[in-house]
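Please look over the sequence and the model before reading on.

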Amino acid sequence: MRTQVAIIGAGPAGMLLSHLLAAEGIDTVIVEARSEEYVLGRIRAGILEHGSVELLRAAGLGSRLDAEGLPHRGIHLQFPRERHHLDFIDLIGRGVWVYGQTEVQKDLVAARSAAGQSIYYEARDLEISDVETDRPSLTFVGSDGRRQTVVADAVVGCDGSFGPSRAVIPDSAKQTWHRTYPFSWLGVLADVAPSTDELIYAWHPDGFAMHSMRSPSVSRLYLQVDNGTDIDDWSHQRIWDALAARLGDGQDGWTLTPGPITEASVLPMRSYVQTPMRHGRLFLAGDSAHIVPPTGAKGLNLAIADVALLAPALVSLVRDDDSRSADTYSDDALRRVWRCTHFSWWMTSMLHTSGDPFDDQLQLSQLRWVCSSEAGATGLAENYAGLPIPSGSTRF
Ligand code: FAD
Ligand code: DHB
């Protein structure tokens, strides 16, 4: 099989890249290890930056987002006896949207299916070859058991944090950075109307808690828990009690309404960056090159921003044989990656308790400053609502 761009992974990065390239007449083949149902069913991110929304709209993917997404002006930041609303629209003129990754994925699948996109789901034994030539290829066993080969002008690894593509870059040509955080998140999805208008990020002596949402009738909530926590040790009652204690601390007259929990899981918190995000004709985008801890909601937005930079670079490379943007893709993308990695670390460090009373006081001081200083609040708002996409010409 011959295509112009072979994409590994049908998550948001891979599907959006295929969609943006198709709009420029570039042919792609997507190879995905899981089934379509599995990819559509994954519950992950929930917040879209302003720039991500603009990009999805410009790509013709905005109609359901505009009808069903929830525009938010900002967030609530909370610590004992205090809850402050940071209004991003007032501070920087742009806000965020609540629109689940599951919904973004549905919109992408619908658009690519309508366009007749080749997607090989349930592919096994993937091999990536010849990335140092101008004819890189993928070989895999399809769901029908037949071995297939796709030869392309470029291969893009959109295969997430456990995919094989980043390992193809030789050790001598790459550098990696890791951070494992000493806590995890217990996340639940519940069939109950949110008890808040906008998200609440709460510092509490027992640990961080967050109240997010997916729709006017579905809530998404998180609790800081110890690494290695067994979800079976947390009954639904225990989860709601902990959420009510942490989110309601000192908030007179506010109550958390519990409801049926439909999904509960424990998520480790880690950060990872691999550079460069290109080796020969292999490009990396999204979680295959970088992972951030979820505080600050950057993972999905970063995947979208990578693809927004990469799509025009690939168009120039494969259509016009002009490699200038492809040559700068990695450096351009990494500036945003490190900004988001820092912001995610900063939000995580400010809001998660470590058990050290000195750290508690530093965190509370930082929270008071962010909530009372326009400069502090503006810095948070600028990073949370997101810097402009694409960021190729932006130096930050
Ligand atoms: P992915 O969505 O991981 O997609 C990669 C795809 O590649 C997958 O479909 C995978 O099956 C496929 N693949 C892997 N190996 C192969 C192979 N060998 N062959 C073919 N295909 C392969 N971000 C936030 O901002 N907020 C959140 O609340 C949040 N929660 C999260 C919860 C969880 C459990 C996880 C894992 C992530 C969460 N994230 C969150 C991060 C966010 O979901 C990711 O940043 C986003 O999905 C990145 O998209 P991606 O397309 O790069 O990778
Ligand atoms: C959600 C997840 C986040 O990590 C975050 O910072 C905000 C919202 C969510 O799943 O809704």
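## Strands at one edge

Strands β17 and β20 are antiparallel and are joined by two bridges. Tyrosine 272 has isoleucine 291 in β20 standing opposite. Two strands count as paired if DSSP finds at least two bridges between them. Helices (H or I, at least four residues) and strands (E, at least two) are DSSP runs, numbered from the N terminus.

The model is predicted: local features need pLDDT of at least 70 and side-chain atom pairs count only at pLDDT 80 or more, while totals for chains, interfaces and linings use all residues. Residues are numbered from 1 along each chain as its sequence is written, chains are lettered from A and ligands numbered from 1 in the order in which they are written, and side-chain values use heavy atoms, with hydrogens and water left out.

## The sheet as a whole

Strands of a sheet pair through backbone hydrogen bonds, either parallel or antiparallel. Here, eight strands form an open sheet with mixed pairing, in the order β6-β5-β14-β15-β16-β13-β17-β20. Its edge strands, β6 (82–87) and β20 (290–291), each pair on one side only.

Strand β17 also pairs with β13, in the antiparallel sense, over 13 bridges; glycine 187 has serine 265 in β17 as its bridge partner. Strand β5 (residues 74–79) runs antiparallel to β6, and six bridges join the two. Glutamine 78 is bridged to arginine 83 in β6.

## Serine 271

Serine 271 belongs to strand β17. Is this residue buried or exposed? Serine 271 is buried, because its relative accessible area is 8%; buried means under 20%, exposed over 50%, and partly exposed in between (1.4 Å probe, protein chains only).

The side chain of serine 271 comes to 3.3 Å from the backbone oxygen of isoleucine 291. Such a polar contact is a pair of N or O atoms within 3.5 Å; within protein, one must be able to donate a hydrogen and the other to accept it, and residues adjacent in sequence count only if both atoms are side-chain atoms. Leaving aside residues up to four places away in sequence, the residues that serine 271 touches include Trp177, Tyr181, Val292 and Thr341. Contact here means heavy atoms within 4.5 Å.

## Helices

Helix α8 (residues 236–248) lies across several strands, including β5, β6 and β16 (218–225), and runs at about 85° to β16. Helix α11 (residues 357–372) also packs on the sheet: it touches β5 and β6, and its direction makes about 140° with that of β5. Axes are lines fitted to C-alpha atoms, for helices over the stretch in contact, and angles run from 0 to 180 degrees between N-to-C directions.

Helix α10 (residues 324–351) packs against α11 at an angle of about 115°, with the axes 8 Å apart. Trp346, Ser349, Met350 and Leu351 in α10 meet Gln363, Gln366, Leu367 and Val370 in α11.

## Ligands

How many residues surround ligand 1? There are 29, and the closest are Glu32, Arg42, Arg44, Gln101 and Asp287. A residue is near a molecule or strand if one of its heavy atoms lies within 4 Å of it. An oxygen atom of ligand 1 is 3.2 Å from a polar backbone atom of glycine 299.

Ligand 2 has 14 residues around it, of which Tyr201, Ser212, Arg214, Tyr222 and Pro294 come nearest. An N or O atom in the side chain of arginine 214 lies 2.7 Å from an oxygen atom of ligand 2. A polar backbone atom of proline 294 is 2.6 Å from an oxygen atom of ligand 2.
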